[in-house]
Amino acid sequence: MAGSTPASLTVDPATGVPVAVKAKPKRVTPGREAWRRFRRHRLAVASAVILSVMILAVLFGPLVWRVQINEIDFSAMLEGPSLAHPLGTDDLGQDLLARMLYGGRISLAVGLTAMAVAVIVGTIVGAIAGVSRGSVDAGLMWLTDLFLSLPQVPLLLLIIYLFRDSLKEIAGPEVGMFILIVVVIGGFRWMPVARLVRAQFFSLREKEFVEAARALGASTPRQVIRHILPNALGPVIVAGTIDVAAAIITESTLSFLGLGFPPDIPTWGRILYDAKDYLDIAPHWAMFAGGAIFLAVLTINYIGDGLRDALDPRRVL
Amino acid sequence: MSQYLIRRLLIAVPSLLGISIVLFTILALAPGDPFGELAMNPAVPPEVRAALREKFGLDDPVMVRYLRWLTAMFQGDWGFSFVSRMDVDTLILQRLPATLIVIGASQVLALLIALPVGIYAATRPYSIFDQVANTLAFIGFSLPTFFTGIVFILIFSITLDWLPFVYQSNINATGLAWYWGHIKQMIMPVAVLGLFQGASWTRFVRSAVLDVIRLDYVTTARAKGLAERVVVMKHIVRNALIPVVTLVALQMPAVFGGAIITEQIFRVPGIGSLLISSILANDTPVIMAVTFVFACLVILFNLIADILYGWLDPRISYR
């Protein structure tokens, strides 16, 4: 940040005219500066690598490991890890590696999409509250506070219980459940983003560059989209990262309670739910599924921590 | 102080009303009929069904239905559970103590972990202890409660065989053995929930103490020659706790979410497992009532946080 703005004004000895002198000769873009800060958080970098490997594995793994997720083999029930089944098998002799790879796709997709919903809703609410003053702002903030004090898991369960059947009829069991879970999780996680965006807007809209834009006759939407929003994005990205982890946990929780995706779709939470009755004879089954959720959540949280160091200009590193 | 309390109580009323509106809207928007099962049942003739709808006022306008539902909720008339064959309020009152004990004990455990660890880590920032505590806290709140629960069952019940993993309400013992039996089966649910909460609170406490510890009045207290223990306990911690209380209150909904899962894993007969079983059994009155109770509990804990807040920071009460 410091390198990109003129630091001080000095007088040019030759002409006597004040000129801006850059603090550093080389121009450092904000993105490069953020990357430099991010790299200092070694655990965050390691987490980014691990998470990328996991994402690549669930994306391309099924192309390499061509075992069907629902291939039942009663001769290989509840087996531990072996060459034929690297992560072992479940109670129907289905290959766990294939199921984990398939489930990972859904778990990560739910996490990312729910985050997108939360960030979009939160940004819109926060931006409207931050730009407008008075009763609109007060009303939106009351709504935000109300949502913050709602008991989320019971309401999630209630909504899924009430709406799952009708959505299944409209969009099919898989897609319907996906839409429902994503919308509901996102709908209960937008509040922190809205508060962050509103707070950012409050300080940014009084800054000189926004005033300059206003003086040049920029309309309110243009001020918001071109000038304020890009500068408010840092904390939103951090909050969004943490939302991905929270959404993955919530989806796994729903599946673990037997209220998420239908049984034939093996998300990580669902695998754990099926595995919990066989803890004494096949602990590997639960450990792999739970370990995958834990690893994904841990790495995302660490990346969020690193991004906070990188994108929060108040932090001096 | 009493004026402050009354004001806080008055602020709680609109949020309670707001939550009831959200709940009722969800119910009203939901497709299907609360009498769905009756409608499916061919043994119930249509005239009876229409009479029932008439009796329960299901064809009235939305506002009328909402007001009637709300007054019934506040009068404690929560309906009848078709599955358990008993009134919903007695059912919930039976289950509520277990939930409150598990949540309360786990919060105490979380505080017992978070306060000492967070304060000690913040007074020695970037020391080995701080780094270890930070890493453990990160791992702790990245571990979903259902996974920790399963790992605990695997270690302490199956491998070591120390603790029972299914909660029993009736223990066949008397005297000390009865108490010990109850404590033994509470250990794992409380530990799972408490460790998760403790991990995230440790980070709150640490950063709050770090914010306060560099302020001038702390230097003044040290310069007066006060013992380090007095400086930390009386001057730093009390002020650092103010933001912590806010964050803890904001976390309350998540605590109840965790409690539901923990109860389900360990079969604790609380309202959380009641909620799950009634969802699986399509028992709508119970589901609505339990959700409402959870909402009330969240507001109650927010109120407690506000009172604590006024006690920690006397400036707030006079405002």
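Guide: In chain A, the axes of helix H3 (residues 96–131) and helix H7 (residues 191–204) come within 7 Å and cross at roughly 35°. Axes here are lines fitted to C-alpha atoms, for helices over the stretch in contact, with angles from 0 to 180 degrees between N-to-C directions; helices (H or I, at least four residues) are DSSP runs, numbered from the N terminus. This is a predicted model, in which local features need pLDDT of at least 70 and side-chain atom pairs count only at pLDDT 80 or more, while totals for chains, interfaces and linings use all residues. Residues are numbered from 1 along each chain as its sequence is written, and chains are lettered from A and ligands numbered from 1 in the order in which they are written.

H3(A) passes H7(A) in a right-handed crossing, the near helix being turned clockwise from the far one by less than a right angle. Among the residues that meet are A:Gly122, A:Gly126 and A:Gly130 of H3(A), and A:Leu196, A:Phe201 and A:Phe202 of H7(A); contact requires C-beta atoms, placed from the backbone, within 7 Å. By class, this contact has 13 nonpolar, four polar and two charged residues. Ala, Val, Leu, Ile, Met, Phe, Trp, Tyr, Cys and Pro count as nonpolar, Asp, Glu, Lys and Arg as charged, and the others, Gly among them, as polar.

A second pair is formed by helix H8 (residues 208–215) of chain A and H9(A), whose axes come within 10 Å and cross at roughly 150°. These two helices are therefore roughly antiparallel, a term for angles over 145 degrees. Their crossing is right-handed. Here A:Phe209, A:Val210, A:Ala213 and A:Arg214 of H8(A) meet A:Gln223, A:His227 and A:Ile228 of H9(A); four of these residues are nonpolar, two polar and one charged.

The contact between the chains takes 35 residues from chain A and 36 residues from chain B. On the chain A side, helices H4 (135–148), H5 (152–171), H9 (220–256) and H11 (283–311) each supply at least two residues, and H5(A) gives the most, with 11 residues. That side has 26 nonpolar, seven polar and two charged residues.

In the largest nonpolar core, of 155 residues, A:Leu272 and A:Ala289 touch the most other members. Such a core is a set of buried Ala, Val, Leu, Ile, Met, Phe, Trp, Tyr and Cys residues joined through C-beta atoms within 7 Å, buried meaning 20 or more other C-beta atoms within 10 Å of the residue's own, placed from the backbone. Helix H10 (residues 228–266) of chain B gives the most to this core, with 17 residues. Beyond its neighbours within four places in sequence, A:Leu272 contacts A:Phe256, A:Ala286, A:Ala289, A:Gly290, B:Phe146 and B:Phe147.

Terms used: Two residues are in contact if their C-beta atoms, placed from the backbone, lie within 7 Å. A residue is buried if 20 or more other C-beta atoms lie within 10 Å of its own, exposed if 12 or fewer, and partly exposed in between; C-beta atoms are placed from the backbone. Angles under 35 degrees count as roughly parallel, over 145 as roughly antiparallel, 65 to 115 as roughly perpendicular and the rest as oblique.
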